[in-house]
Amino acid sequence: MRRSGLRLPHSLRLTTCGGCVKSVVRSWLTVGYALNVNSRFRFLDVLTVGFVAVLLVSNLVGPKICQLGPLLVSGAQLLFPVTYICGDIFTEVYGYAASRRAIWMGFFGMGLLAVMGQIAVALPPAPGWHNQEAFATVFGLVPRFAIASLVAYWAGEFTNSYTLAKLKLLTGGRFLWTRTIGSTVSGQLVDTVVVILIAFWGVETAPKILVMIASSYGFKVAYETLATPLTYAVVRALKRAEGIDTFDRGTNFNPFAL
C-alpha cells in the first residue's frame, strides 16, 4: 500500500491479515502524513534537529562580512548552504510533507531567537558584567538579519523543496544530481536576493550589494554542487535504512497545509 510513494511500515504489514487489512489500511490513510513523516522514521527527527541548529547558528554569525579572495560573503554563507542540502535530503527521501514540517520548525526557531536576542540586549546589564557593548554588537543586528533570513529562508526553502519534488516526478526518480542542483539554482537565487536586499539595503552601497548577491549566489551554488557526492551517499544510506523512497504524487504543495 502506498500513499504519495510511502510504504506501510513492516510492523503493520506483518501483523495484519484477512479482514484486518482493510481496517489497518483505513487507519493508515486517516492519520496520513502525521504518522508517515514523524513516528515511523528512525532518523527524521535527528536530521530535523540538526537542520534547525544550523539555521540558528547561521543567524548568529551572519552579520559578519568576510572576504575570501575576490568574494564577499557573510559568515552565514559558510554554514547556511547545509540547510539546503538537508532540504534536498528531506524531500528526496521523506517527501515534501517532511520538508515542509522541518521548514516551519526552523522558521519558528529563528523567530524565537530574534525575539529573545532583542529582549536580552534591552535588559539592563548587571553592574559587574562588562560585555554589554560586545553583546549588543552581535545580538543588536540579529533582528534585522533575522527578518531578512526568515523571509528569504521561507521563500527559498519552499522553492527548493517544490522544485526538487517536481523534478523527481519528471525524471522518474533518476538522475538525482539534476534535481539537487536544479533545486539549488532556483532556491538559492530566491534566498540570496531577498536576504541581502533586506539585510543590507541602506547599510551598503548598491554596487557592493550587487557584488554581494553575485558572489554569494555563486558561492552557495558551487558549495552545494561540490557537495553532490555527499548528498548522494546520505540519500542512499537513508533510503536503505528507512526502507522508503517518496514520490510526491497527489501531494498538496501548499506551504501552509501543516
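Analyst: Helices (H or I, at least four residues) and strands (E, at least two) are DSSP runs, numbered from the N terminus. This is a predicted model, in which local features need pLDDT of at least 70 and side-chain atom pairs count only at pLDDT 80 or more, while totals for chains, interfaces and linings use all residues. Residues are numbered from 1 along each chain as its sequence is written, and side-chain values use heavy atoms, with hydrogens and water left out.

User: In which helix is Val-115 found, and is Val-115 buried, partly exposed or exposed?

Analyst: Val-115 sits in helix α6, residues 96-122. Buried means under 20% relative accessible area, exposed over 50%, and partly exposed in between (1.4 Å probe, protein chains only). Because its relative accessible area is 47%, Val-115 is partly exposed.

User: How much accessible area does the nonpolar patch with Val-115 have together?

Analyst: The patch on the surface is formed by Leu-112, Val-115, Met-116, Ile-119 and Leu-123. Its accessible area together is about 470 Å².

User: Which residue has its side chain joined to that of Ser-161 by a polar contact of 2.8 Å?

Analyst: Ser-161 lies in helix α8 and has 1% relative accessibility, so Ser-161 counts as buried. Leaving aside residues up to four places away in sequence, Ser-161 touches Thr-91, Tyr-96 and Ser-99 (contact means heavy atoms within 4.5 Å). A polar contact is a pair of N or O atoms within 3.5 Å; within protein, one must be able to donate a hydrogen and the other to accept it, and residues adjacent in sequence count only if both atoms are side-chain atoms. The 2.8 Å polar contact joins the side chain of Ser-161 to that of Thr-91.

User: Where is Thr-251 found, and which side chain is joined to that of Thr-251 by a polar contact?

Analyst: Thr-251 is in the segment after α11 (228-242). Its relative accessibility is 9%, so Thr-251 counts as buried. At 2.9 Å, the side chain of Thr-251 makes a polar contact with that of Asp-248.

User: What is the phi of Phe-175?

Analyst: Phe-175 is in the loop between α8 (142-171) and α9 (176-200), and is partly exposed at 45% relative accessible area. Most residues other than glycine have a negative phi. Phe-175 is not a glycine, yet its phi is positive, at about 55°.

User: How many disulfides does the structure hold?

Analyst: Cys-66 counts as buried at 17% relative accessibility, and Cys-86 is buried at 16%. A disulfide is a pair of cysteine sulfur atoms within 2.5 Å. The number of disulfides in the structure is zero.

Notes. Patches are made of residues with over 30% relative accessible area and no salt bridge: like charges are joined within 9 Å, nonpolar side chains (Val, Leu, Ile, Met, Phe, Trp, Tyr) within 5 Å. Accessible areas come from the Shrake-Rupley method with a 1.4 Å probe; for residues, only the protein chains shown count as cover. A salt bridge is a side-chain nitrogen of Lys or Arg within 4 Å of a carboxyl oxygen of Asp or Glu.
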